[in-house]
Amino acid sequence: MKYVENFEEKLDRYAEIIVKIGANVQKGQKVWVNCTTGSLPLVYKIVEKSYKMGASDVNVKLNDDRLTRLHAEYKSLEVYSSIPKWAVDERNDYLDNNVVFIHILGSSPKLLEGIDSKKLGAFSRNMGEAFKYYRLRVMNDINSWTIASYPSKEWAKLVFPDETDEEKAQSRLFEEILKTVRVDKENPVKEWQEHNKKLTERAAYLTEKKYDALHYRSEGTDLLVGLPENHIWVAAGSRNEKGISFMPNMPTEEVFTAGDKYRVDGYVSNKKPLSYQGNVIDNFKLIFKDGAVVDFEAEEGYDILKELLNNDEGSRRIGEVALVPYDSPISNSGLLFYETLFDENASNHLALGAAYPTNVKNGSKMNDEELDRAHVNQSIIHVDFMIGDAEMDIDGITVDGKREPIFRNGNWAF
């Protein structure tokens, strides 16, 4: 990226926080990197730093955006949506051998625009079924994992449509990404540690309050979301089964918990576009009754949203409930990233599909039946969508019906 000053130095600092803070690679540990060919400049440094941290094996899984598009266009539905057993077995073998996953996002949010929604839906369902064990391990924090990004030119052009030079647009997006992950600070590692501490304190306060429900109000939204008994609010950082810390999302500004799968009523509208399966879904509204979506509308991506909601029974219910103030770094940038990793950290959001079992007391020890009795949603998907804006008010409702302000005009009220 010729427009980025000190590009190699910044790339090196970025790779360092991904390996040290995000993945927190341990001596003798295996590392699995999912990435696109366009992100190789960053991946080379991640691989080298992982080995220098003591990794025993770094397995890089490369995808190429152009090939991904061609496969989606020309493969039959049956072939495209099938998941090879060897791919499942390979990942499961790594899961059982102390692997940490590093996912580097970079594809265009519209990579698969125009592809048959039924083909994409079938692929999503088969992926969800095939990789159940993977989902169990990462959603229970058994294995460490982290998600970061590296911009493609196609993605950058969506964020900066007025920029005629593709390389300059890519460089601008790269600089903005570095700001969100604190690489522009003098000591990024220390900055992340302090940031995690502040979010953890906020999460502890909400856990102590033990609210029975949250009431969201804004233009296009009037939604009551129940919270399970013994729910736990969690912040940026997590710990795996060995007690090793890791940072799942880079960037992150949220505190989150699980919603009650049977107690969501009202309607909610998105405030930022949702990028899902290489398509954009926008200007949509979901209507809930007794926890499930009973009706919906969308001006863009209606068929994709329909397939999303029909993945399984749990895909129509709320898994995650996340709070992010409007006055936050990514929101204040004024940029629409068209990538959930960033846009969800600029807005209050909810997730359709699976909840994190770690968001309820002893949830990681529960089987599917016990999670259902605890009102914790399970699904083959987990898809965040952004609902917060500068006008949003949120009340916490106690078990005795008392209302307390949590958000006013899009920001924390305490």
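Biologist: What makes strand β12 and strand β13 a pair?

Modeller: In this predicted model, strand β12 (residues 279-289) and strand β13 (residues 292-300) run antiparallel and share seven bridges. Two strands pair if DSSP finds at least two bridges between them, so seven bridges qualify β12 and β13 as paired. Strands here are DSSP runs of E with at least two residues, helices are runs of H or I with at least four, and both are numbered from the N terminus.

Biologist: Before we go on, how should I read the model?

Modeller: It is predicted, so local features need pLDDT of at least 70 and side-chain atom pairs pLDDT 80 or more, while totals for chains, interfaces and linings use all residues. Residues are numbered from 1 along each chain as its sequence is written, and side-chain values use heavy atoms, leaving out hydrogens and water.

Biologist: How many residues lie between β12 and β13 in their hairpin?

Modeller: Two residues lie between them, and Asp290 in that turn has a positive phi of about 55°. Lys289 has Ala292 of β13 as its bridge partner.

Biologist: Which residue's side chain reaches the backbone oxygen of Asp290?

Modeller: That is Arg317, at 3.2 Å. A polar contact is a pair of N or O atoms within 3.5 Å; within protein, one must be able to donate a hydrogen and the other to accept it, and sequence neighbours count only if both atoms are side-chain atoms. The 3.2 Å between Arg317 and Asp290 is therefore within the cut-off. Arg317 sits in the loop between α11 (302-309) and β14 (318-323). Contact means heavy atoms within 4.5 Å, and Arg317 touches Asp290, Gly291 and Ala292, among others, leaving aside residues up to four places away in sequence.

Biologist: Why is Arg317 called buried?

Modeller: Buried means under 20% relative accessible area, exposed over 50%, and partly exposed in between (1.4 Å probe, protein chains only). Arg317 has 10%, so it counts as buried.

Biologist: And why is Ser331 called buried?

Modeller: Its relative accessible area is 14%, so Ser331 is on the buried side too. Ser331 belongs to helix α12 (residues 329-332), and a polar atom of its side chain lies 2.7 Å from the backbone oxygen of Tyr326.

Biologist: What makes Glu201 and Lys197 a salt bridge?

Modeller: A salt bridge is a side-chain nitrogen of Lys or Arg within 4 Å of a carboxyl oxygen of Asp or Glu. For Glu201 and Lys197 the N to O distance is 2.8 Å, so the pair meets that rule. Both lie in helix α10, four residues apart, which is about one turn of the helix. Glu201 is partly exposed at 46%, whereas Lys197 is exposed at 52%.

Biologist: How many salt bridges does the structure hold?

Modeller: There are 26 of them. One of them joins Arg263 and Asp260, with the closest N and O atoms 2.9 Å apart. Asp260 is buried at 3%, while Arg263 is partly exposed at 28%.

Biologist: Which residues does a cis peptide bond join?

Modeller: Met250 and Pro251, with omega about 20°. Pro251 lies in the loop between β8 (245-246) and β9 (255-258).
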